[in-house]
Amino acid sequence: MTVAFKTFGCRLNQAETAQYAAAFAAAGIANVPFGMPTDIVVVHTCTVTRTAEDTCLKQIRQLRRNAPEALLVVSGCAVETVAAQTFDALTVDLVIPREHKDELVARVLRHLGIDTPRPPVPCRPLAHRATLKIQDGCDFACAYCIIPHTRGKPQSRPFDACVQEARERIAAGFAEVVVTGCNIACYADAGRRLPDLLTALATLPGLGRLRIGSIEPGTVEREVIAQMAECPTICRFLHLPIQSGDNAVLARMRRRYTIEEVAATVSDAAQRMPDLGLGADLIAGFPGETPERFERTKHWVSQLPFNNLHVFPFSERPGTAAATFDGTVPPAERKRRVRELNRIRTRLREAFAEQWVGRTVRVLIERIDSAGRGSGWTGEYLACRVEGLPASAEGRLVSCVPYARDADLLLARSLQQS
């Protein structure tokens with residue numbers, strides 16, 4: 001018996017899928033790539049925007065049409081926002097709500113009449129990075145966000161359980177561990193916070209490198225920056241969802257910081273680590289974002305040392321406060337602003353890639369083609385193609401020197417494996 005997964009959305013969803021895959025394997029049910037014939041299909045959904053939710057529903061509809069005999073299981077955030085009648089109409093076999101997501105595998109087994117776990121079977125890795133879920137939920141109540149409704153209040157995993165899972169991932173051969181959660185800055189267990197957990201993880205024997213997920217501005221990012229600057233196993237990449245460069249827009253979004261505070265933080269980070277990979281999320285066309293306010297965002301992201309931008313047009317998400325706000329920006333104008341910010345992104349990204357030409361970088365090789373060209377990511381989160389690799393390099397950290405770039409893709413030759 002086999003299971004396949006289709007995972008939408010964030011790294012937290014990816015981490016949960018990896019946990020489900022391991023639990024299925026422990027029950028004797030092997031994981032196969034999505035799209036192959038299988039007995040069970042799990043669709044782990046995202047609902048961060050209405051578009052994301054619609055994409056999930058479209059995929060479920062196609063799956064039921066193309067694989068009518070498979071057991072179709074739906075989990076994730078869309079379960080909390082989509083009416084049960086919709087899933088009934090799509091003939092979904094099992095819908096797993098948030099409060100029972102830890103029971104997903106057990107519920108599937110009961111549905112199939114499998115009462116006791118069987119011997120483990122080999123489980124195909126879902127990626128060469130191991131995602132480590134350390135917490136779930138958020139109560140920041142940003143005006144545009146549905147996540148507090150779909151995932152609930154912050155809940156942290158026990159400190160020791162996080163460290164033990166990381167040990168197991170390292171022992172299983174994963175070269176990189178990615179710390180993820182709904183709002184990892186909220187991590188707290190028995191008086192220990194995110195910086196304490198990062199210290200414990202970063203010093204685990206055998207760890208190749210530790211990557212930190214997105215961190216909310218105005219929380220623990222200053223402490224994390226100090227750790228990143230001192231610890232060689234922590235990837236020098238920091239992602240801050242700043243969302244806007246205008247204080248009036250930030251206040252309307254119910255964010256907890258000003259753009260001047262963000263500027264002070266990232267300037268400090270760049271001074272400590274001049275080669276830091278620095279990313280930001282931005283929402284274009286939020287209600288009340290006038291042309292002048294949008295220009296302020298353009299100014300700040302151009303002047304600050306960001307080198308990677310994730311830009312999204314504002315999407316009216318039913319159930320959020322922002323969906324009812326006045327000052328609506330027309331959809332066509334939102335898209336135009338996204339294009340403008342993406343042009344800035346391209347310029348910043350290519351300039352950052354250029355800085356690494358001729359210098360040694362370490363790349364986690366995620367795939368290798370028949371010509372021995374590997375592809376993967378540097379610690380600073382730049383894509384890199386590496387020539388002259390044996391097949392055994394896949395899944396390993398490789399040292400190489402980029403000799404050129406193609407847009408923001410580094411082109412490199414291998415030095416050695418490590």
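**Figure 1. Surroundings of threonine 297.** Outside the four places on either side in sequence, threonine 297 is in contact with Ser244, Gly245, Asp246, Leu282, Glu289 and Leu341, where contact means heavy atoms within 4.5 Å. The model is a predicted one, in which local features need pLDDT of at least 70 and side-chain atom pairs count only at pLDDT 80 or more, while totals for chains, interfaces and linings use all residues. Residues are numbered from 1 along each chain as its sequence is written, and side-chain values use heavy atoms, with hydrogens and water left out. Threonine 297 lies in helix α11; helices (H or I, at least four residues) and strands (E, at least two) are DSSP runs, numbered from the N terminus. With 3% relative accessibility, threonine 297 counts as buried. Buried stands for under 20% relative accessible area, exposed for over 50%, and partly exposed for values in between (1.4 Å probe, protein chains only). The side chains of threonine 297 and serine 244 are joined by a polar contact of 3.4 Å. A polar contact is a pair of N or O atoms within 3.5 Å; within protein, one must be able to donate a hydrogen and the other to accept it, and residues adjacent in sequence count only if both atoms are side-chain atoms.

**Figure 2. Helix α11 and its cover.** Helix α11 runs over residues 291-303. Its 13 residues reach 18 Å from the first C-alpha to the last, close to the 18 Å expected at 1.5 Å a residue; the expected span is 1.5 Å times one less than the number of residues. Phe294, Thr297, Lys298 and Val301 are the buried residues of α11. Seen down the axis of α11, these buried residues fall within an arc of 100°, so they line one face of the helix. The arc is that of the directions from the helix axis to the C-beta atoms. Glu292 and Gln303, on the other side of α11, are exposed. The cover over the buried residues of α11 includes β12 (237-243), β13 (277-284), β14 (308-313) and α12 (331-354).

Figure 3. Seven of the seven residues of β12 are buried, so the strand is largely enclosed by the rest of the structure. Phe237, His239, Pro241 and Gln243 are buried on one side of β12, and Leu238, Leu240 and Ile242 on the other. In a regular strand the side chains alternate between the two faces of the sheet. β12 pairs with β13 in the parallel sense over five bridges; two strands pair if DSSP finds at least two bridges between them. Opposite histidine 239 stands glycine 279 in β13.

**Figure 4. Helix α6.** The end C-alpha atoms of helix α6 (residues 159-171) are 19 Å apart, which agrees with the 18 Å that its 13 residues should span at 1.5 Å a residue. The buried residues of α6 are Phe159, Cys162, Val163, Glu165, Ala166, Arg169 and Ile170. These residues cover an arc of only 160° around the axis, which puts them on the same side of α6. Asp160 and Ala171 are exposed on the other side of α6. Among the elements that cover the buried residues of α6 are α1 (11-26), β6 (129-136) and α7 (194-202). Just after α6, glycine 173 takes a positive phi of about 105°.

**Figure 5. Salt bridges.** The whole structure contains 37 salt bridges, each a side-chain nitrogen of Lys or Arg within 4 Å of a carboxyl oxygen of Asp or Glu. In the pair of aspartate 136 and lysine 101, the closest N and O atoms are 2.0 Å apart. Aspartate 136 is in strand β6 and lysine 101 in the loop between β5 (94-95) and α4 (104-111), 35 residues apart. Both aspartate 136 and lysine 101 are buried. Aspartate 275 forms a salt bridge with arginine 359, with 2.6 Å between the closest N and O atoms. Aspartate 275 lies in the loop between α10 (259-272) and β13, and arginine 359 in the loop between α12 and β15 (361-368), so the pair ties together parts that are 84 residues apart in sequence. Aspartate 275 is partly exposed at 26% relative accessibility, as is arginine 359 with a relative accessible area of 31%.

**Figure 6. Alanine residues with positive phi.** Alanine 141 has a positive phi of about 55° although it is not a glycine. Alanine 141 is found in the loop between β6 and α5 (147-151) and is partly exposed, with a relative accessible area of 42%. For alanine 407, phi is near 60°. Alanine 407 sits in the loop between β18 (397-406) and β19 (409-417) and, at 34% relative accessibility, counts as partly exposed.
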